Amino acid sequence: MKEKSQQGKHYKKQGKKFTKGGKKAEDKTSGLIRLNKYLADAGICSRREADVLIASGAVKVNGKVVTQLGTKVSLSDKVQYGGQTLKREKLRYLLLNKPKGFITTSDDPQNRKTVMSLVEKACEERIYPVGRLDRNTTGLLLFTNDGDLAKKLTHPSHNVKKIYHVVLDKNLTKKDMLSIAQGLQLEDGFIRADTIANVGDGKDKKEVGIELHSGKNHIVRRIFEHLGYKVVKLDRVFFAGLTKKDLPRGKWRFLTPKEVGLLKRI
Ligand code: URA
């Protein structure tokens, strides 16, 4: 373990990862990694949240409480949080095309089918869904154990783009389409679609595509219900640059390194 004051000076540029502020989070040449990144990579929380845990004295390295932010650890150091020794896991990123009837939670006291059961054989690491889809919503759901990326993709400030294919119980009027495009006041705030349009040749006015960056719960259903429609089908067809191409319903795939790189640049 290296306390903050010992770092710096002689690192070469190659093989290092930098945080947004330009500070090194990982130095592959020395095998040292910042303690907050270690906690994020172990799937505990984001790096920022890890700083709070560290400062509060909740993290031990080699049996000693460490509160110094910026401390670096190596693979041979024993890092403990919440009474458990953490493993520095391989970071996993996978995309599921969720079928209907599965709830987005890791554990359901009522024993309903959860999305976790669809990806349980994917890897040994403990992955979790990024955001949520309603039980009867289908489409793209990302899973990862990368706490930093998960936080970034769910934070409203990052404006992550999502596109939904919506089937309504009746034709959407031009007036209502316009109100959605201009924005509506819902009980928890103002919401505006980035884009809304009829799907296909536009003859079927019950089917629309809606692009949003809000990640609020039930947001699509709430928009249409506010205007007196029922959502009969809801499918997320685009999430943060990822599409359903070659991903049948109920199946998952790992993201390619290129896709992971693109997500990290959001
Ligand atoms: N909006 C909804 O209403 N439901 C979802 O599952 C996702 C977005």
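A polar contact here is a pair of N or O atoms within 3.5 Å. With that in hand, let's look at this predicted model and its ligand. A backbone N or O atom of Arg-221 lies 2.9 Å from a ligand oxygen atom, which puts the pair within the 3.5 Å cut-off. The protein covers 97% of the 240 Å² of accessible area that the ligand has on its own.

For His-218, a backbone N or O atom is found 3.1 Å from an oxygen atom of the ligand.

## The surrounding shell

Around the ligand you will find Leu-133, Asp-134, Thr-137, Tyr-164, His-218, Ile-219, Val-220, Arg-221 and Leu-234. By type, five of the shell residues are nonpolar, two are polar and two are charged. Helix α6 (residues 219-226) gives the largest share of this shell, with three residues.

## Where the ligand sits

The second largest pocket holds the ligand. Domain 2 (93-156 + 243-264) and domain 3 (161-239) both contribute residues to the shell, so the ligand lies between them.

Definitions and conventions: Residues numbered from 1 in each chain as written. Predicted model: local features only at pLDDT ≥ 70, side-chain atom pairs only at ≥ 80, totals over all residues. Heavy atoms only, no water. Near = heavy atom within 4 Å. Polar contact = N/O pair within 3.5 Å; in protein donor to acceptor, adjacent residues only side chain to side chain. Areas by Shrake-Rupley, 256 points an atom, 1.4 Å probe, with all protein chains shown as cover. 1 Å grid on protein atoms, 1.4 Å probe; cavity = no way out; pocket = protein on both sides within 12 Å on 5 of 7 lines; lining within 4 Å. Sits in = over half its atoms within 2 Å of the grid points. Helix = DSSP H or I, 4+ residues; strand = E, 2+ residues; numbered from the N terminus. Nonpolar A, V, L, I, M, F, W, Y, C, P; charged D, E, K, R; others polar. Domains from an automatic or database assignment.
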